[in-house]
Amino acid sequence: MEAANHNNDNGCTNESPYISSVLPGWFSEISPLWPGEAHSLKVEKILFQGKSDYQNVMVFQSSTYGKVLVLDGVIQLTERDECAYQEMIAHLPLCSIPNPKKVLVIGGGDGGVLREVSRHSSVEQIDICEIDKMVVEVSKQFFPDVAVGYEDPRVNLHIGDGVAFLKNVAAGTYDAVIVDSSDPIGPAQELFEKPFFDSIARALHPGGVVSTQAESIWLHMHIIEEIVANCRQIFKGSVNYAWTTVPTYPSGMIGFMLCST
């Protein structure tokens, strides 16, 4: 990895397609998943830009939210508000079952979910499957307080496709599966489809629980309705939708599907 260069006097590169031409020096999050709107943050300095085998990766220092991790133009986390997402997606499932011991994290390459899972003393094994090695490396370099989760000796990192990983997992292996995915575009598309949820249900033992990123009720009801319909067919226990506020996510909130076998 190497830091981005060709910066202007504001520490901002002119080469990034995600720096606004309307508001110079500002990052604007533009996506077909939220047409007609964009959330912007003032950029103090771009710290890293790279292209992995799967996506564009960028880290910048913002004026108000600390360092920001961006994948394909979409904010994944900021130092200021990442805790709201990481805590909810991890603690909701793990606090809903007694003494979870084996946990699988799909995605979550920044390490924040690992950090929260490791707070549960009953957990003996934490497997994580992240498809993009660059996300792991960049997070360790620029977000050490988030990536600290990798330092736990219970953590086993697998670089690869989460869909393929789940297919090779023995039935009934895990007490909990946490799917910390990006939006359903590009490499994360399969993580929102029915065959993937079938694989999760098979990997969980009876009474096991899954928590998965499930978009915003203000922007993605069509996606959420499809996820709920699929989960109701697959999971024989509870199927619930939860949400929390994250200021730098589109519409200021993000949801989670919580399902049990």
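Predicted model: local features only at pLDDT ≥ 70, side-chain atom pairs only at ≥ 80, totals over all residues.

Student: How many cavities of 30 Å³ or more does the count give?

Tutor: A cavity is a space where a probe fits but cannot get out. Here the count comes to one cavity of 30 Å³ or more, and the largest cavity holds about 540 Å³ of space. Its lining has 40 residues, and those closest to the centre are L71, Q76, D180, S181 and S182.

Student: Which classes of residue make up the lining of the largest cavity?

Tutor: The lining divides into 19 nonpolar, 13 polar and eight charged residues.

Student: Which element supplies the largest share of that lining?

Tutor: Strand 5 does, with four residues. Among the elements that each supply at least two residues are strand 4 (67-71), helix 1 (82-94), strand 6 (102-107) and strand 12 (253-260).

Student: Which residue does UniProt list for "active site"?

Tutor: The unreviewed UniProt entry lists D180, a residue of strand 9 (residues 174-180).

Student: Is D180 buried or exposed?

Tutor: Buried means under 20% relative accessible area. D180 has 10% relative accessibility and therefore counts as buried.

Student: Which residues is D180 in contact with, leaving aside its neighbours within four places in sequence?

Tutor: With those neighbours set aside, the contacts of D180 are Y85, Q86, I89, I106, G107, G108, D110 and V113.

Conventions. Residues numbered from 1 in each chain as written. Heavy atoms only, no water. 1 Å grid on protein atoms, 1.4 Å probe; cavity = no way out; pocket = protein on both sides within 12 Å on 5 of 7 lines; lining within 4 Å. Points joined across faces, edges and corners; volume = space filled by probe spheres on them. Nonpolar A, V, L, I, M, F, W, Y, C, P; charged D, E, K, R; others polar. UniProt positions renumbered as here; feature names shortened; annotations may be inferred. Buried < 20%, exposed > 50% of the residue type's maximum accessible area, 1.4 Å probe, protein only. Contact = heavy atoms within 4.5 Å.
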